[in-house]
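Hi,

Here is the structure I promised to send over.

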Amino acid sequence: MQSETDVLVVGGGVTGTAIARELSRYRLDVVLVEKSPDVCTGTSKSNTALIHAGFNADPDKQKGRLNVRGNELYHERIQHELDVPIEWRGALVVATDESERPKLEELLEKGQRNDVDGLEILEREALLEKEPHLTDDAVAALWAPTAGIVNPFELTVGFANNAVENGASVELEAEVTDITKTDDGFTVETAKGEIDAEIVINAAGLYADEVSKMVGVDDFEITPRRGEYYLYDKQFDIDIDTTIFPVPTEVTKGIVVTPTDEGNLLIGPNAQEIDDKRDKATTRQGLDKVLNGAQKTVPDLTKKDVIKEFAGLRPAIKETGDFRIQIEEEVPGFINAAGIQSPGLASAPATAELVVDLVEELRGDLEEDPAFDPNYSGPPKVRHMSHEERAGLIEEDARYGQIICRCETVTEGEIRDAINQPVPAQTVNAIKRRVRPGAGRCQGGFCGPRVIEILSEELDIPMTEVKLEEEGSELLTDEIKQPLLEKSHESSEVNADD
């Protein structure tokens with residue numbers, strides 16, 4: 001592992017990887033450390049995957065300003081530079097009673113002040129024409145055409161891989177255990193050894209307060225806020241085209257009903273403050289709240305065709321309700337990018353811009369690297385190709401004709417590509433996030449064993465060492481066939497002696 005660097009980024013979520021990628025534009029040594037075996041294993045993995053338009057953004061808060069700028073950057077740059085699915089489906093904020101209309105007018109006015117394009121209020125007839133499955137109680141809605149849906153896994157991996165292609169380093173399973181301030185910067189203790197860094201950027205998500213305390217900045221606390229979700233099968237017979245919000249309250253945007261980039265339907269989240277930063281358990285009470293909330297706008301929703309229930313944790317700073325992105329003046333060279341809850345995904349590229357400005361403030365003018373290439377292409381997506389495109393790909397490499405995951409039409413070639421990316425996929429879940437085997441109706445029941453086998457081959461390790469995710473999550477305990485063969489052989493020898 002690199003033992004010295006100009007800038008060390010702590011945390012491999014969408015914020016940390018976006019920062020590392022933006023810093024790789026400049027003549028800087030950049031290292032990102034992540035405690036898990038892959039990027040995108042925390043808050044960035046389990047969320048609603050929305051690029052918010054910014055109509056509800058508070059311009060007096062960092063998260064409001066960065067939401068609006070982030071949306072612009074996705075439209076202007078990111079969708080063209082990274083091979084990541086982004087669909088501009090738009091969003092509706094649906095009023096189900098005339099008493100809620102003033103709130104729609106308020107959101108319209110705020111969005112216009114934020115320069116959000118295309119906002120308008122749709123009346124009942126136009127609204128139901130756009131979304132026929134909406135409740136009969138719908139009276140009007142705010143329409144925001146610049147809202148989008150994105151694949152958060154591929155986005156985070158795309159940021160990380162593009163950063164590495166441009167000279168940054170990503171170190172996995174490198175949890176930060178201590179940070180010491182030195183005359184020249186910091187000595188950062190990790191699970192893989194020490195790294196000396198001039199600047200440290202803390203984008204550690206749920207653990208950002210703990211990393212910050214390592215340098216003596218302890219004036220904020222991260223409160224985990226759990227949100228639960230239902231994910232529906234692609235064959236679900238309720239077709240929703242846009243992201244649907246209820247009219248928000250002072251504390252929540254409400255239960256969202258939204259399509260995903262791969263054609264599923266997602267509903268959630270609720271919001272429950274908890275103490276344990278590892279508690280991603282779903283609860284019957286919470287999931288019932290999610291379904292009941294979603295039924296207020298789309299009443300035909302049931303539990304039928306749900307293929308997955310899951311929960312994610314948002315890292316909130318309750319005292320401010322805002323992001324904390326700043327140079328900590330009492331510790332020169334330490335930058336916090338903490339409290340990145342919703343709309344953190346939408347804000348990520350703008351957050352990265354802001355952090356680069358802070359790095360420049362600390363170091364002086366940054367020199368752009370003329371070799372920087374902003375473009376990144378991931379593995380081919382066979383399921384989205386025409387027959388002619390598939391045939392051409394298979395002619396070049398027959399492994400793209402071997403279907404491993406039937407539910408999602410994922411091939412052997414795509415899985416092997418994911419394992420050999422600049423930031424490699426080394427676990428079953430890492431493969432799932434990148435190219436989707438196990439993400440469909442059977443949730444890995446058919447393709448799981450073959451994915452384990454391919455990982456074993458590519459990583460040159462026994463199948464018993466292949467992990468689902470973190471250390472201790474090995475899926476196989478023994479190679480059953482060999483002991484049975486040996487036992488059979490011993491029995492044959494005994495019988496022969498008789």
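Below is what turned up, starting with the cysteines.

A quick word on ground rules: this is a predicted model, where local features need pLDDT of at least 70 and side-chain atom pairs count only at pLDDT 80 or more, while totals for chains, interfaces and linings use all residues. Residues are numbered from 1 along each chain as its sequence is written, and side-chain values use heavy atoms, with hydrogens and water left out.

I searched the whole structure for disulfides (a pair of cysteine sulfur atoms within 2.5 Å) and got zero. Cys407 is in none, and its nearest cysteine sulfur, on Cys442, sits 3.8 Å away.

On accessibility, buried means under 20% relative accessible area, exposed over 50%, and partly exposed in between (1.4 Å probe, protein chains only). Cys447 is buried at 3%, whereas Cys407 is partly exposed at 32%.

Now for the loop. Leu468 lies between helix H12 (448–459) and helix H13 (481–497); helices here are DSSP runs of H or I with at least four residues, strands are runs of E with at least two, and both are numbered from the N terminus. Leu468 is partly exposed, at 33% relative accessible area. Its C-alpha is 35 Å from that of Gly90, which is 378 residues away along the chain.

Lastly, Glu194 belongs to strand E12 (residues 193–202) and is partly exposed, with 44% relative accessibility.

Cheers
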